Amino acid sequence: MAKHVEYEKVSSDYLEHRQLKRGAAGWVLLAGLGVSYVISGDFAGWNFGLAQGGWGGMLVATILMATMYTCMVFGLAELASALPVAGAGYGFARRALGPLGGYATGIAILIEYAIAPAAISVFIGDYIKALGLLDATWPVYLACYVIFVGIHLYGVGEALRVMFVITGVAVVALVAFVAGMIPKFDSAKLFDIGDGSFLPMGVTGAWGAIVFAIWFFLAVEGVPLAAEEARDPKRDMPRGIIGAMVVLLVFAAAILLVAPGGAGSKVLEASGNPLPEAVRAAYGGDTFLAQLVNYVGLAGLVASFFSIIYAYSRQLFALSRAGYLPRWMSKTGKRKTPYLALIVPGTIGFVLATVMKSVDPVTGGARLINIAVFGAALSYVLMMVSHIVLRKTAPDLPRPYRTPGGVVTTGVALVLAVAAVIATFFVDEIAAAVTAGIVVVAVAYYWFYSRHHLVANAPEEEFAAIAKAEAELD
């Protein structure tokens, strides 16, 4: 164990009150979970990148981020098969970088997953408002959190199956949208922002657009968080996360091409409900397709909102169970769901969504995206460093799946992740700086308190203990 940490003895029933339901998900459900995490990014959020860099800048940014995520997913598939624990990214970094590195990674992931649902709830409100159903904002956000946190409290197997159905409905909406927009495609519409050039805001604009290109893929890395609830994580994790990534790549390419190509980039650059608005602009008014995409598009937003709640609860559960964060947040109920890890971040997300939207009705959602992306990109940097370090320091670690290209692949993802962290300061330096400050405060909590109160028999800590013992024997 690291010399600068201290472990406390816990009662024999400590882990009995902190157990998840085993065998709840096979690889198909895991792939569905990966798509569900991300699919809202096709319905709203990505389009703010058009204002940042024009269509050409957004295209360049999307290609770079597609490359980063593909390389990263291959690396995470290896790590998840070798270290199948609920802490996922935190667990990987804990083994490779020690307690502080693991904790910092977990905090970055937690920021991403706690903030992303807040942004998505804002877009859900915008979609509902576009339908003329309700003008209010905070009641919609509150309903989202109460209903979908409630389903998760009921049970993980039930929650994952509901999520899978909702995601399927959202996929139908995306396919219908793409098919309906193809006849209206005109390449000239792609470049109707700024001076009409490929990069109207220059290279800096394209770099800033990275923040919104990430929204096409953000949170797919959350699939390994289901490791302790998977049937066969060593086999199912790689299949699930890679399968999800393939689907997301196809949708990102289709949406980026036909939405602005059918409606015009200018129409979509600041929209909170870009797909229905694209249909209405392309067809000159309201149509059945616009109503279908608007109504069914809510399923896509709900799918991601619903599934990322699952992700933040598992990340908080793992950090709390190991003592890095207050232990009371990792308790599970009779149905083996971490109820406090579901409720606490949900409350924070609801407050943030309400405050951001009231302070800035137009760009409140974009600011929340920037905060989430900062946390995500920082965690990607640390996870890719973890993959590279473990390849060097633990070459004999059993790896049921191995990353094609090895550390070269994850090295590419690492470089692009660093670029993504920097991009958040181009878009909103205040939000990025505040988020960085939150990470610093969290690390201070670790340094002054939690490192003295860690739980030795938490699974992620046991992995590290076994590794240290084997190294000493060698």
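Me: Which ring has K184 over its face?

Reply: A charge sits over a ring if NZ of Lys or CZ of Arg is within 6 Å of the ring centre and within 35 degrees of the ring normal. Here K184 lies over the face of Y283, 4.7 Å from the ring centre. Likewise, R451 lies over the face of W447, at 3.9 Å from the ring centre. This is a predicted model, in which local features need pLDDT of at least 70 and side-chain atom pairs count only at pLDDT 80 or more, while totals for chains, interfaces and linings use all residues. Residues are numbered from 1 along each chain as its sequence is written, and side-chain values use heavy atoms, with hydrogens and water left out.

Me: How many aromatic pairs does a search of the whole structure find?

Reply: Rings of Phe, Tyr and Trp (its six-membered ring) pair if their centres lie within 6.5 Å; planes under 30 degrees apart count as stacked, over 60 as edge-to-face and the rest as tilted. The search finds 19 such pairs in the whole structure. W46 and F216 are stacked, at 5.6 Å centre to centre with 20° between the planes. This pair links distant parts of the chain, 170 residues apart.

Me: Are W46 and F216 buried or exposed?

Reply: Buried means under 20% relative accessible area, exposed over 50%, and partly exposed in between (1.4 Å probe, protein chains only). Both W46 and F216 are buried.

Note on methods: Helix = DSSP H or I, 4+ residues; strand = E, 2+ residues; numbered from the N terminus.
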